[in-house]
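Student: I would like to go through this structure and ask what stands behind the terms used for it. Please set each value against its definition.

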Amino acid sequence: QVQLVESGGGLVQPGGSLRLSCVASGTIFSINVMGWYRQAPGKERELVAIISSSGNTNYADSVKGRSTVSRAKNTVYLQMNSLKPEDTAVYYCYVVSDVQYWGQGTQVTVSS
């Protein structure tokens with residue numbers, strides 16, 4: 001059993017920054033991929049950024065150049081800069097080990 005605990009969401013003004021964190025704990029086999037997805041109201045869940053065990057990254061075009069995904073042991077981070085109102089969503093931590101695991105989500109609201 002793996003538990004994912006996210007933190008760092010909140011309300012931020014347009015142009016601001018946030019750093020999301022997700023710690024994976026429990027019985028964990030080798031983690032292959034860690035990252036973040038998001039889901040805005042009325043929209044499907046979409047990839048934000050992922051990072052492999054070898055450090056390869058993949059970003060959504062909408063956040064490329066404004067976000068950085070990183071990992072340390074069983075923790076994955078998402079640094080988001082120059083935030084826009086369209087970044088408002090619930091952000092979900094995503095981990096692939098023996099199976100896929102999802103966090104419960106953390107709300108990010110970008111508004112003045």
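Student: Why is K73 called exposed?

Tutor: This is a predicted model, in which local features need pLDDT of at least 70, side-chain atom pairs count only at pLDDT 80 or more, and totals for chains, interfaces and linings use all residues. Residues are numbered from 1 along each chain as its sequence is written, and side-chain values use heavy atoms, with hydrogens and water left out. Relative accessible area is called buried under 20%, exposed over 50% and partly exposed in between (1.4 Å probe, protein chains only). K73 has 80% relative accessibility, so K73 counts as exposed. K73 sits in the loop between β7 and β8, and its phi is positive, about 55 degrees, although K73 is not a glycine.

Student: What makes S82 partly exposed?

Tutor: The relative accessible area of S82 is 41%, so S82 is partly exposed. S82 belongs to the loop between β8 and β9. Its phi, near 50 degrees, is also positive in a residue other than glycine.

Student: How do you know that C22 and C93 form a disulfide?

Tutor: A disulfide is a pair of cysteine sulfur atoms within 2.5 Å. From C22 to C93 the S to S distance is 2.0 Å, and a disulfide joins them. The pair links distant parts of the chain, 71 residues apart: C22 is in strand β3 (residues 18–26) and C93 in strand β9 (residues 89–96). Strands (E, at least two residues) are DSSP runs, numbered from the N terminus. A search of the whole structure finds one disulfide.

Student: Why is this disulfide called left-handed?

Tutor: The torsion about the S-S bond of C22 and C93 is about -85 degrees, so the disulfide is left-handed.

Student: Are C22 and C93 buried or exposed?

Tutor: C22 has a relative accessible area of 0%, so C22 is buried. C93 is at 0% too, and therefore counts as buried.

Student: What does G35 touch?

Tutor: With contact meaning heavy atoms within 4.5 Å, G35 touches A49, I50, V76, Y92, C93 and Y94, not counting residues up to four places away in sequence. G35 lies in strand β4 (residues 33–39) and is buried because its relative accessibility is 0%.

Student: Why do β1 and β7 stand at the edges?

Tutor: Two strands pair if DSSP finds at least two bridges between them. The open sheet of four strands runs β1-β3-β8-β7, with antiparallel pairing. β1 (2–7) and β7 (67–72) each have a single partner strand, so one side of each is left without a neighbour in the sheet.

Student: How many bridges pair β7 with β8?

Tutor: β7 and strand β8 (residues 75–80) pair over six bridges in the antiparallel sense. The bridge partner of S67 in β8 is M80.
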